[in-house]
Amino acid sequence: TGTLNVTELAEKLGKSPNEIIKKLMFAGVMANKNQDLDDDTIELIASEYGVTMKKEEEVEKSDLLQYIEAEDEKKLKERPPVVTIMGHVDHGKTTLLDSIRNTRVTAGEAGGITQHIGAYQIRTEEGKKITFLDTPGHAAFTSMRSRGAQVTDIAILVVAADDGVMPQTVEAINHAKAANVPIIVAVNKMDKEAANPDRVMQELTEYELVSEDWGGDTIFVSMSALKGEGIDDLLEMILLVAEVEELKANPNRRADGTVIEAELDKGRGSVASLLVQNGTLRVGDPIVVGNTFGRVRAMVNDLGKRIKKAGPSTPVEITGLSHVPQAGDRFVVFEDEKTARQIGELRQQKQLEERRGEQSKVSLEDLFEKI
Ligand code: GTP
Ligand code: MG
């Protein structure tokens, strides 16, 4: 069963048993340290500390979201859009990402060595920020989505003007549509002799992507990622769509967001790239990431610069976690380390139990096969 006694509940909440006993008394429950509590009482006491507790067996990966406090609409402020670049093989996704990234060097942010942290942020000439996910293609999109995470606000669909709509172009469209993410079409390789943008426009009408020139409402941008032509137009269109979408977050609260990628580094231990989606993440914050936890020990931005805090839509790399999380895992910052540790340990334990369960299932099947 998922019941806890007073001491265990106190531990989970990071409080002393005496404090819990007092709270119980005010709630009309006379209890000693070893007394078992029913689920409703546990929930009631936990909620007094702003913690939503569910029975242990109900705690799942994405359930981390249950610990996020409700948002006050009035505190929301504009945040930068998070953009993913998708398209068929060889249509120019990587070239486009590189060429966008290079634009910011001229914007006076040179000096940093670009880190690969799975995403980067640029600042346009008007001072507006845009975040790009650096892992182009469908794999990133689908693995995130399969874990229930949605990080993309806008999808850029790259279509080579000399090649037209191809199978992965269609896949990309389907992913973006399933996620309800607006699409901007980048008609790339316009510098090529064989470029035929009209054909691209024609072919895309079949997928309900009709250019504004043709009476539709999809934005098309002609470009050459290789020559750096049309990049400014594209950035401008991204900001336009972002404005329409009214993307907002509250920078003045504890952070939450999603893991973009993570790995074990020999020297630094568990290293995770995170996208802050709400709130502000700070060095020293107690944090639960997927089924792991810790304290943000060090934080660097996409230029490899050490930073102390990061607001909404900022990609960062952190160290200080007990284990390596997975791409698509959520993270939530907690008020104190004890709570983060308790929730983190609970989730770790749950994961271990699940794994053991799977293993015993497998061995049983093996057994039956042998019989
Ligand atoms: P995958 O990662 O393999 O799916 O490909 P990709 O979509 O990232 O394409 P990538 O950027 O690697 O470009 C493929 C080839 O097209 C490279 O040789 C690029 O130099 C070339 N290329 C990309 N953009 C342009 C462009 O605007 N004009 C021309 N002429 N070539 C381009
Ligand atoms: Mg590529």
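**Figure 1. The second largest pocket of the predicted model and the residues that line it.** Sorted by class, the lining of this pocket holds ten nonpolar, four polar and ten charged residues. Here Ala, Val, Leu, Ile, Met, Phe, Trp, Tyr, Cys and Pro count as nonpolar, Asp, Glu, Lys and Arg as charged, and the others, Gly among them, as polar. The lining has 24 residues, and Gly 50, Tyr 67, Glu 69, Arg 254 and Glu 335 lie nearest the centre of the pocket. The second largest pocket has a volume of about 410 Å³. A pocket is an open set of points, on a 1 Å grid over the protein atoms alone, where a 1.4 Å probe fits, with protein on both sides within 12 Å along at least five of seven lines; lining residues have an atom within 4 Å of a point. Grid points are joined across faces, edges and corners, and the volume is the space filled by probe spheres set on the points.

The model is predicted: local features need pLDDT of at least 70, side-chain atom pairs count only at pLDDT 80 or more, and totals for chains, interfaces and linings use all residues. Residues are numbered from 1 along each chain as its sequence is written, chains are lettered from A and ligands numbered from 1 in the order in which they are written, and side-chain values use heavy atoms, with hydrogens and water left out.

**Figure 2. The largest pocket and its lining.** The volume of the largest pocket is about 680 Å³. Its lining consists of 30 residues, with Pro 80, Gln 121, Arg 123, Lys 129 and Thr 314 nearest the centre. At least two lining residues come from each of H4, strand E5 (119-123), helix H8 (231-245) and strand E16 (309-310). Helices (H or I, at least four residues) and strands (E, at least two) are DSSP runs, numbered from the N terminus. By class, the lining of the largest pocket has 13 nonpolar, five polar and twelve charged residues.

**Figure 3. The surroundings of ligand 1.** Ligand 1 is surrounded by 15 residues, and the closest are Lys 93, Thr 94, Thr 95, Lys 189 and Asp 191. A residue belongs to these surroundings if one of its heavy atoms lies within 4 Å of the ligand. Helix H4 (residues 93-109) gives the largest share of this shell, three residues. The shell around ligand 1 has three nonpolar, seven polar and five charged residues.

**Figure 4. Polar contacts of ligand 1 with Asp 90, Gly 92 and Ser 224.** A polar contact is a pair of N or O atoms within 3.5 Å; within protein, one must be able to donate a hydrogen and the other to accept it, and residues adjacent in sequence count only if both atoms are side-chain atoms. In Asp 90, a backbone N or O atom lies 3.0 Å from an oxygen atom of ligand 1. Gly 92 also places a backbone N or O atom 3.0 Å from an oxygen atom of ligand 1. In Ser 224, a polar side-chain atom lies 3.2 Å from an oxygen atom of ligand 1. Of the 650 Å² of accessible area that ligand 1 has on its own, the protein covers 70%. Accessible areas come from the Shrake-Rupley method with a 1.4 Å probe; for residues, only the protein chains shown count as cover.

**Figure 5. Asn 180 and Glu 246, two residues with a positive phi.** Most residues other than glycine have a negative phi. Asn 180 is not a glycine, yet has a positive phi of about 60 degrees. Asn 180 sits in the loop between helix H6 (167-178) and strand E8 (183-188). With 68% relative accessibility, Asn 180 counts as exposed. Buried means under 20% relative accessible area, exposed over 50%, and partly exposed in between (1.4 Å probe, protein chains only). Glu 246, also not a glycine, has a positive phi of about 50 degrees. Glu 246 is in the loop between H8 and strand E10 (248-249), and counts as exposed at 56% relative accessibility.

**Figure 6. Ala 298 in strand E15 and Gly 269 in strand E12.** Strand E15 comprises residues 292-300. Ala 298 is buried, with a relative accessible area of 14%. Between the C-alpha atoms of Ala 298 and Arg 268 the distance is 9.9 Å, although 30 residues separate them in sequence. Gly 269 is partly exposed, with a relative accessible area of 24%.
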